[in-house]
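Here is a colleague's note for someone opening this entry for the first time. Please read the points in order, with the model beside you.

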Amino acid sequence: MARMKFLCDAERCIECNGCVTACKQENDVPWGVNRRRVVTINDGVPGERSISVACMHCSDAPCMAVCPVDCFYKTQEGVVLHDKDLCIGCGYCFYACPFGAPQFPQTGAFGVRGKMDKCTFCAGGPEPDGSPEEFAKYGRNRLSEGKLPACAEMCSTKALLGGDADVLSDIYRQRVTMRAARGTAATPPWGWDAAYGRPDAQGQPVPNAAPPAPAAPGSKS
Amino acid sequence: MVDSSLVRSAVALLAALLVSIVGASASFAQAPTPAPSADSSSSSSTQIPTPPRTPENTSPAAEAQRQQVQPLNNAPVWREVRSNMPGTTTTTVVGRETNVLIQPQGQTWRTLRNSDISVFGGWALVVLFLVIATFYWVKGTLALHEPPTGRVILRFTWLDRFIHWSTAITFSILAISGLIMLFGKAVLLPLIGYTLFSWLAVLGKNLHNFAGPLFSLCVLMLFFNFVRDNFPGPGDWQWIRHFGGLISKHEPPSGRFNAGEKLWFWGGASMLGIIVSMSGYVLDFPNFDQSRQTMQIAHVIHSIGAVLFMLGAMGHIYMGTLGMAGAYDAMRTGYVDEEWAREHHAYWYNDVKAGRVPVQAADPRVVRRTPAKA
């Protein structure tokens with residue numbers, strides 16, 4: 001059985017927020033809730049990186065551990081889901097989660113929390129797969145249709161990967177190996193270095209003399 | 001027969017290990033900080049020395065050097081992310097703290113709630129309940145030594161009782177719904193099932209959210225209504241030394257309230273009341289832009305305060321009902337027998353008899369409405 005995971009390659013993410021939009025569109029996410037968001041570290045500074053983050057579907061999920069009504073469950077594929085019929089809107093999962101994944105649509109005055117909403121890895125909820133009830137509460141169940149999460153499928157630079165952890169690891173390992181090979185002065189700069197130049201001994205990027213040669217068609221990473 | 005592929009992979013693994021050790025030592029040799037002595041305790045039977053653990057040098061120069069040695073190593077990025085330094089992370093997604101990539105304090109909150117507060121708090125409540133039950137089993141209800149006189153004294157006016165019972169009712173709602181939220185998953189959920197328990201928890205949460213502000217109002221009224229008779233007075237120290245006569249037979253004399261009641265007033269109703277109220281407001285109204293960490297801290301303070309409050313309340317409720325004859329009637333009707341007053345609050349009894357307590361001397365409305373009851 002596959003163990004589903006998200007992986008965001010910070011060397012590839014260009015902060016286009018396509019994943020955020022894809023998620024909202026695919027799942028009809030409640031107003032005020034963004035199941036996925038892109039965070040940029042040191043925006044505008046050399047060395048800036050962007051990372052798309054949502055529920056990480058933790059093995060030892062803090063939300064599951066602190067939920068007072070035990071509304072979370074984990075599928076055989078390691079996807080952390082929850083039952084909105086049981087959720088009481090206490091906000092404990094939101095306190096515990098390091099990634100800010102659980103969010104609450106405001107349903108009353110003074111910020112009264114409604115039923116928690118979070119990324120489902122496009123795997124719906126406890127209702128029958130693909131049912132209108134499931135869609136209304138949790139959004140599209142793409143996994144049951146044999147598809148991967150919309151955010152990862154939509155990612156234009158393939159920075160955001162979603163799927164079986166073993167496959168994801170293989171892809172990422174391959175990327176890292178190729179980057180290491182391209183990181184030397186003898187090879188043309190790659191990725192951010194291609195855009196802004198390689199960092200010098202002080203960590204400041206030195207602009208490239210000429211635009212790098214385009215990569216051969218079909219080459220990876 | 002040994003599988004040849006197994007041997008090959010074992011050799012490859014050893015080679016990879018060797019390469020990584022050489023690489024690690026090379027990178028440590030280049031590290032600007034001198035490495036402390038190698039940790040020999042963890043060296044295994046294969047005699048592979050463990051690389052020394054050095055605190056990572058995070059100066060800009062060291063980072064730049066690391067990028068030369070390990071191109072595209074983004075450890076500094078992640079270090080910065082976890083540090084949660086303001087202004088380093090941004091996002092275009094609108095919302096509170098959406099620019100925070102990782103908020104590690106939630107892990108601390110989880111441990112405190114799940115492993116410390118619920119475990120120690122839960123057992124403290126159970127143990128105190130058993131102690132009180134044992135005490136009741138041994139001592140029973142403390143009765144008057146002399147028969148009641150039949151003459152009654154007004155001990156609590158209608159305002160006293162209204163405030164007391166408003167506080168008591170809201171407190172009970174809060175305590176029960178709070179216990180459901182903290183321990184229900186472990187205690188009640190296995191008994192009544194997911195659907196019913198969730199229904200109960202929704203009810204409890206909403207009652208908690210609405211009774212909370214009412215309770216804090218009650219605490220304020222309680223404070224200003226009873227503070228006059230709760231300042232330390234003569235006999236308090238003696239009362240504490242004799243533990244209120246609970247252990248010995250003789251109960252030291254006290255004013256309108258004894259030292260135990262005064263401690264409950266100051267430490268319990270007032271101090272814990274204010275602590276749980278203030279922390280409760282932070283949790284009850286998440287629309288004032290408070291951060292997650294503020295709410296995590298508020299929750300820890302709230303739940304520790306609430307457990308202490310419930311422990312104190314258990315003692316108070318016991319003494320006010322089962323523990324002592326006449327105590328419950330005093331708060332229900334407002335009147336106590338003269339003998340009760342003489343035995344439990346001798347100084348107050350003397351004051352009332354001498355006419356030094358104005359409210360008790362004349363409150364005709366109350367006297368008319370409440371029939372004198374022994």
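1. Start at A:I41. It stands opposite B:T89, in strand β1 of chain B. Strands here are DSSP runs of E with at least two residues, and helices are runs of H or I with at least four; both are numbered from the N terminus. The strand β1(B) covers residues 89-91. It runs antiparallel to β2(A), and three bridges join the two. Two strands pair if DSSP finds at least two bridges between them.

2. A word on the source. This is a predicted model, in which local features need pLDDT of at least 70, side-chain atom pairs count only at pLDDT 80 or more, and totals for chains, interfaces and linings use all residues. Residues are numbered from 1 along each chain as its sequence is written, while chains are lettered from A and ligands numbered from 1 in the order in which they are written.

3. Now the whole contact between the chains. Chain A puts in 41 residues and chain B 49 residues. Two residues are in contact if their C-beta atoms, placed from the backbone, lie within 7 Å. On the side of chain A, β2 (37-41), β3, α2, α3 (92-96) and α6 (165-182) each supply at least two residues. β2(A) gives the most, with five residues. By type, this side of chain A has 24 nonpolar, 10 polar and seven charged residues. Nonpolar means Ala, Val, Leu, Ile, Met, Phe, Trp, Tyr, Cys and Pro; charged means Asp, Glu, Lys and Arg; the others, Gly among them, are polar.

4. Next, chain A itself. It has seven helices and eight strands. Its C-alpha trace spans about 60 × 40 × 30 Å along the principal axes. Of the contacts in chain A between residues at least 6 apart in sequence, 53% join residues at least 24 apart. Of its 221 residues, 43% are buried. Buried means 20 or more other C-beta atoms within 10 Å of a residue's own, exposed means 12 or fewer, and partly exposed lies in between; C-beta atoms are placed from the backbone.

5. Check two backbone angles. Most residues other than glycine have a negative phi. A:H57 is not a glycine, yet its phi is positive, about 50°. A:H57 sits in the loop between β3 (49-53) and α2 (62-66) of chain A. A:H57 is buried because 25 other C-beta atoms lie within 10 Å.

6. A:D70 also deserves a look. Its phi is near 55°, positive in a residue other than glycine. Where is A:D70? In the loop between α2 and β4 (72-74) of chain A. A:D70 has 20 C-beta neighbours inside 10 Å, so A:D70 counts as buried.
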